[in-house]
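Subject: Predicted model and notes

Dear colleague,

Please find the structure you asked about below. My notes follow it.

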Amino acid sequence: MDLSKKLHRFTVVPSLPQELSGLRTIAYNLWWTWEPQAIELFRRVDYDLWRETRHNPVKMLGLLQQTRLEELLADDGFMAHLARVEEALANYMSGKTWYDKARANGGPSRIGYFSMEFGLHESIPIYSGGLGVLSGDHLKSASDLGIPLVGVGLLYRQGYFRQYLNIEGWQQEFYPENDFYNMPLRLERDEEGTPVTVALEIGEREVSFQVWRMQVGRVPLYLLDTNMELNSWEDRKITAQLYGGDQEMRIRQEILVGIGGIRALRRLGIDPEICHINEGHAAFLSLERIRLLMEERKLKFPEARELVTAGNVFTTHTPVQAGIDHFQPELVEKYLGHYCRALGLSAEEFLGLGRQDPKNHHETFCMAVLALRLAGRRNGVSRLHGEVSRAMWRDLWPELPEEHIPITSITNGVHTRTWLSNEMAGLLIRYLGTRWLDDPADCGIWRKIRLVPDSELWRTHERCREQLVTFARKRLKEHLLHVGATPKEVMAADEALDPEVLTVGFARRFATYKRGTLLLRDLDRLDRILNHPDRPVQIIFAGKAHPADFEGKELIRRIFQASMDTRFRHRIVFIEDYDLAVARRMVQGVDVWLNTPRRPLEASGTSGMKVAFNGGLNMSVPDGWWPEGYRGDNGWAIGSGEVYDDIEYQNDIEGRAVYDLLEKEVVPLFYDRGADGIPRGWLARMKASVESLCPVFSTERMVQEYTDRFYLPSFEEWHALERNHESLARDLARWKAKMHRLWPRVRVEGVEAATSGELAVGTRIRLEARIAVGEIPLEELSVEAFAGVLDPRDAITGGMLTPLQPLEQLGPDLHRFGGELECRACGRQGFVIRLVPRHPGIGPVYEPGLILWA
């Protein structure tokens with residue numbers, strides 16, 4: 001008998017004496033996750049419970065016995081510690097911030113940040129990997145900087161899977177249920193105390209969801225949950241698992257996070273001017289924003305689209321089409337057919353928003369294309385990924401050269417205080433002061449790393465390596481006990497690894513392109529490196545493969561089997577159930593971080609950045625962020641960025657390169673010690689790494705860059721279009737429609753330039769072009785010469801634009817334009833004429849179909 005419908009439900013929360021109530025306040029603000037004194041406070045409450053609850057203070061406080069509470073009340077040292085942390089949190093929440101200064105001329109009151117996953121702490125398992133961790137670090141830095149951000153995502157009942165390996169090394173998965181009432185979450189409630197409920201039409205059914213709030217410092221994160229009695233069991237499962245289920249489940253989740261996310265914010269009285277779409281999953285939010293403007297302000301679809309596009313920011317994290325969500329047209333019609341009718345669009349017009357070629361009826365509906373079309377600012381997550389993205393999406397702007405495709409880059413970073421070890425933080429405070437805590441992007445501060453005595457930096461790093469080895473042995477023992485190993489085998493785990501040996505780390509998602517087994521291609525050579533009698537090396541692996549990725553699981557099995565080989569039993573360890581706690585230990589304790597993706601398939605990668613803050617050194621293929629970070633003396637590059645058609649050949653070449661680097665450069669440098677046992681050459685490289693990488697690859701720098709380059713300019717454009725009853729948005733939509741109607745009559749009749757023979761540097765070339773403008777007024781046409789050096793394919797590289805001015809009218813619609821080009825460099829050069837329409841209030845408008853080259 002099912003008793004669930006007869007249950008009388010109630011919620012029990014931790015009951016603490018008034019004097020200890022500050023513990024609850026701190027526990028419900030994730031500021032504590034990056035404040036060492038707060039973490040130490042919770043450890044002091046009950047160290048064993050702290051570990052058993054996976055560092056979850058809310059759950060721990062609910063399990064405390066009355067006797068322990070009385071002991072804490074009587075502990076003057078603990079009560080003083082609690083008072084200090086309470087005061088620190090209060091000062092943090094009320095203090096002046098970077099954004100208070102940055103928005104001197106005004107800025108958005110709210111910015112919505114939408115992501116499918118958020119990796120904030122291991123006790124909140126609603127993340128799978130890099131995208132979630134980046135989202136979590138984004139919120140933390142937004143909080144530190146005072147950005148008026150609100151996060152929006154889904155609250156998964158089971159989150160991402162937990163991992164364990166069987167006795168042969170095959171990955172197994174299990175999905176523990178998240179207990180939301182024992183997590184730092186609170187249901188949003190209305191004035192009468194009733195949980196806020198929002199309704200959303202998904203396909204033919206109305207789905208209800210509730211909204212949970214997680215406070216991340218100053219930033220609220222709203223998480224949507226469909227696990228409600230009002231819903232069918234099928235709809236309750238929408239928020240069951242992250243990246244679980246089939247395509248139908250995926251489109252339902254993405255409707256919920258995008259459309260449902262906007263409705264949730266509106267229900268809570270939040271109407272963000274700027275929405276940041278972090279990867280394409282939440283792109284449907286653009287359609288909801290358009291629908292609301294059409295309904296509430298009586299705008300037409302093209303007018304509302306102009307306003308929404310100005311206020312949308314899109315970040316793509318994926319360098320290959322296979323990693324992007326595509327939906328069949330039938331599926332889109334099934335779940336969003338009613339929605340396209342509400343927007344006044346035909347089915348083909350609606351589908352065209354998500355197609356690179358809107359006229360191709362066989363093309364699938366792509367979420368990244370939808371986001372790109374309806375965002376005014378777009379970026380990849382490293383300089384190289386920006387180039388890859390422009391090449392990947394060039395068909396959306398077929399009239400533009402690749403370098404002019406409107407996708408830029410803002411390189412990822414990491415939240416400094418989350419990933420920095422306490423030992424390293426203490427050392428930095430001692431010699432750099434505390435300014436780096438508030439402004440970690442200041443290069444001048446990090447130059448002071450040179451003042452740190454080599455001996456102190458080395459001892460600090462040695463302590464972190466020792467802690468990593470202790471942690472790895474403990475986790476290895478737990479694994480052996482779980483699979484039923486003999487007592488002798490369990491005891492042998494105490495001999496695995498050596499706290500004084502050069503330690504290489506490799507931990508990440510086990511996708512095949514990341515090549516987790518590249519180091520295992522020649523086991524005999526690896527044996528000679530790891531078991532060298534005077535200069536040994538050890539490797540610690542960790543990571544998960546997607547449950548459906550058999551090839552990724554096979555990589556893990558091969559590593560596990562190698563670790564069981566008698567040659568490597570004490571030199572290779574695989575730590576199972578990779579999560580944020582494991583990641584912190586590893587990035588804080590390794591000497592070398594190995595990264596071996598197939599270029600250019602790593603969009604950014606951030607684990608190596610975390611290592612740099614802790615004094616570790618990167619050895620990486622020049623992919624993702626590393627081409628920007630590597631400068632020769634701050635780590636090692638595997639190869640020079642070559643890309644081979646034969647993948648097996650590339651693996652062979654780069655596998656040997658890894659061995660060569662280890663044998664000839666990395667290992668000798670580590671073991672080249674002075675009389676005092678300190679490797680001064682290694683420490684010089686450590687200091688160069690800290691000085692060059694730490695100020696650049698933090699999310700503090702990254703979020704500042706998003707604010708200066710995206711959020712504030714987007715707000716200015718949004719505000720200009722929105723003021724005076726959206727008069728400019730309405731005018732711009734009408735003007736674009738006029739331009740599309742008149743543009744086919746625009747043509748270049750002829751171009752003249754004195755470019756014969758060889759020209760000296762500094763020569764000014766006179767250009768003239770005869771242009772038929774049709775019915776377009778001259779002031780609404782921009783004529784430019786695009787000139788630069790020609791590559792071997794006769795493509796202009798690093799080109800410059802020179803405006804041409806109208807000189808005289810030659811006929812009813814024929815005009816002569818002219819200007820001068822300056823020859824600034826030697827070599828083969830060329831130019832073309834480019835025409836785009838110019839809006840009187842905005843300037844040149846780059847719109848597909850409204851660009852002409854000659």
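Strand β17 (residues 572-575) sends Ile 572 and Phe 574 to one side and Val 573 and Ile 575 to the other, and all are buried. Buried here means under 20% relative accessible area, exposed means over 50%, and partly exposed lies in between (1.4 Å probe, protein chains only). Helices (H or I, at least four residues) and strands (E, at least two) are DSSP runs, numbered from the N terminus.

Before going on, some words on the source. This is a predicted model, in which local features need pLDDT of at least 70 and side-chain atom pairs count only at pLDDT 80 or more, while totals for chains, interfaces and linings use all residues. Residues are numbered from 1 along each chain as its sequence is written, and side-chain values use heavy atoms, with hydrogens and water left out.

Strand β17 runs parallel to β16 (residues 537-542), and 4 bridges join them. Two strands pair if DSSP finds at least two bridges between them. Phe 541 has Phe 574 of β17 as its bridge partner, and Ala 542 has Ile 575 of β17. Together, β16, helix α24 (residues 550-564) and β17 form a right-handed β-α-β unit. A crossover is right-handed if, with the strands pointing away from the viewer, the path from the first strand over the helix to the second runs clockwise.

In β16, 6 of the 6 residues are buried, so the strand is largely enclosed by the rest of the structure. Val 537, Ile 539 and Phe 541 point one way from β16, and Gln 538, Ile 540 and Ala 542 point the other way. Strand β15 (residues 502-507) is also parallel to β16, joined to it by 6 bridges. The bridge partner of Thr 503 in β16 is Gln 538. From β15 the chain crosses through helix α23 (residues 523-530) to β16, and this β-α-β crossover is right-handed.

Cavities

Rolling a probe the size of a water molecule over the atoms shows where empty space is left. On a 1 Å grid over the protein atoms alone, a cavity is a set of points where a 1.4 Å probe fits but cannot get out, and lining residues have an atom within 4 Å of a point. Grid points are joined across faces, edges and corners, and a volume is the space filled by probe spheres set on the points.

The structure holds 2 cavities of 30 Å³ or more. The largest has a volume of about 60 Å³, and its lining consists of Thr 33, Gly 119, Leu 120, His 121, Asp 137, Lys 140, Thr 418, Trp 419, Leu 580 and Arg 584. Helices α8 (130-145), α17 (416-419) and α25 (580-589) are the elements that give two or more residues to this lining. By class, the lining has 3 nonpolar, 4 polar and 3 charged residues. Ala, Val, Leu, Ile, Met, Phe, Trp, Tyr, Cys and Pro count as nonpolar, Asp, Glu, Lys and Arg as charged, and the others, Gly among them, as polar.

The second largest cavity has a volume of about 50 Å³. Glu 279, Gly 280, His 281, Gly 323, Ile 324, Asp 325 and Met 367 line this cavity, which by class gives 2 nonpolar, 3 polar and 2 charged residues.

A cis peptide bond, with omega about 5 degrees, joins Arg 599 and Pro 600. Pro 600 sits in the loop between β18 (592-595) and α26 (607-613).

His 55 is not a glycine but has a positive phi of about 65 degrees. His 55 lies in the loop between α3 (47-52) and α4 (57-63) and counts as partly exposed at 23% relative accessibility. Lys 298 also has a positive phi, near 60 degrees. Lys 298 is in the loop between α11 (285-297) and α12 (301-310) and counts as exposed at 65% relative accessibility.

Leu 331, in helix α13 (residues 329-342), is buried, with a relative accessible area of 12%. Ala 737, in helix α30 (residues 699-742), counts as partly exposed at 44% relative accessibility.

Overall

The protein has 30 helices and 29 strands, and of its 854 residues 57% count as buried. The C-alpha atoms fill a box of roughly 95 × 70 × 50 Å along the principal axes.

Regards

Technical notes. 1 Å grid on protein atoms, 1.4 Å probe; cavity = no way out; pocket = protein on both sides within 12 Å on 5 of 7 lines; lining within 4 Å.
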